[in-house]
Amino acid sequence: MTRMWGVDPRVLCRQHLLGEHVEMHMFLGTIRQGHSVAGYTSAGIVDPHRVLARHDALAAEIERRGMNHRSPMVLTASDEEAIAALPAAEIDAVANLAELARRCERCRERQAAGGTG
């Protein structure tokens, strides 16, 4: 499921970091194809207005960890127009942090280490 965790990228394990990065590209693709994102926004799963900023934060963390990032996200004028027409969503980063710790031992360890694990 496409999800914007909204937490500090440093606490994400490699799998969740790369996964959320791909999901930001997928979400932009969904918008570009004109598919409804109402279920994502109403459930607080993705805030379309933060997709670019979130992608860029994830990409910076990917590079900080010494991995290559070769998929910049560039919004066109029509992307910006389509996103502007969508409702914003409230992402509960605190709840998502707890969910990541519950689901993933590596994320839990990185959280305990302050994002340096």
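**Exercise 1: Two loop residues**

Met67 lies in the loop between helix 3 and helix 4 (77-84), where helices (H or I, at least four residues) are DSSP runs numbered from the N terminus. The model is predicted, so local features need pLDDT of at least 70 and side-chain atom pairs count only at pLDDT 80 or more, whereas totals for chains, interfaces and linings use all residues. Residues are numbered from 1 along each chain as its sequence is written, and side-chain values use heavy atoms, with hydrogens and water left out.

Task: Determine whether Met67 is buried or exposed, and whether Val74 is buried or exposed.

Solution. 
- Step 1. Apply the cut-offs: buried means under 20% relative accessible area, exposed over 50%, and partly exposed in between (1.4 Å probe, protein chains only).
- Step 2. Met67 has 18% relative accessibility and therefore counts as buried. Leaving out residues up to four places away in sequence, Met67 touches Arg14, Leu17, Leu18 and Ile62; contact means heavy atoms within 4.5 Å.
- Step 3. Val74 is also placed in the loop between helix 3 and helix 4. At 58% relative accessibility, Val74 counts as exposed. Not counting residues up to four places away in sequence, Val74 touches Arg32 and Asp79.

**Exercise 2: The packing of helix 1**

Task: State how helix 1 is oriented to helix 3 and to helix 4.

Solution. 
- Step 1. Axes are lines fitted to C-alpha atoms, for helices over the stretch in contact, and angles run from 0 to 180 degrees between N-to-C directions. Angles under 35 degrees count as roughly parallel, over 145 as roughly antiparallel, 65 to 115 as roughly perpendicular and the rest as oblique.
- Step 2. Helix 1 and helix 3 pack at about 150°, their axes 9 Å apart. Helix 1 is therefore roughly antiparallel to helix 3.
- Step 3. On helix 1, Leu17, Leu18, Glu20, His21, Met24, His25 and Phe27 meet Val51, Arg54, His55, Leu58, Glu61 and Ile62 of helix 3. This contact has seven nonpolar, three polar and three charged residues. Ala, Val, Leu, Ile, Met, Phe, Trp, Tyr, Cys and Pro count as nonpolar, Asp, Glu, Lys and Arg as charged, and the others, Gly among them, as polar.
- Step 4. The axes of helix 1 and helix 4 come within 10 Å and cross at roughly 85°, so the two helices are roughly perpendicular. Leu28, Ile31 and Arg32 of helix 1 make the contact with Asp79, Ala82 and Ile83 of helix 4.

**Exercise 3: The core**

Task: Identify which residues touch the most other members of the largest nonpolar core.

Solution. 
- Step 1. A nonpolar core is a set of buried Ala, Val, Leu, Ile, Met, Phe, Trp, Tyr and Cys residues joined through side-chain atoms within 4.5 Å.
- Step 2. Among the 24 residues of the largest such core, Leu12 and Val51 touch the most other members. Helix 1 (14-32) and helix 3 (51-64) are the elements that give two or more residues to this core, and helix 1 gives the most, with five residues.
- Step 3. Beyond its neighbours within four places in sequence, Val51 is in contact with Met4, Met24, Phe27, Val46 and Met73.
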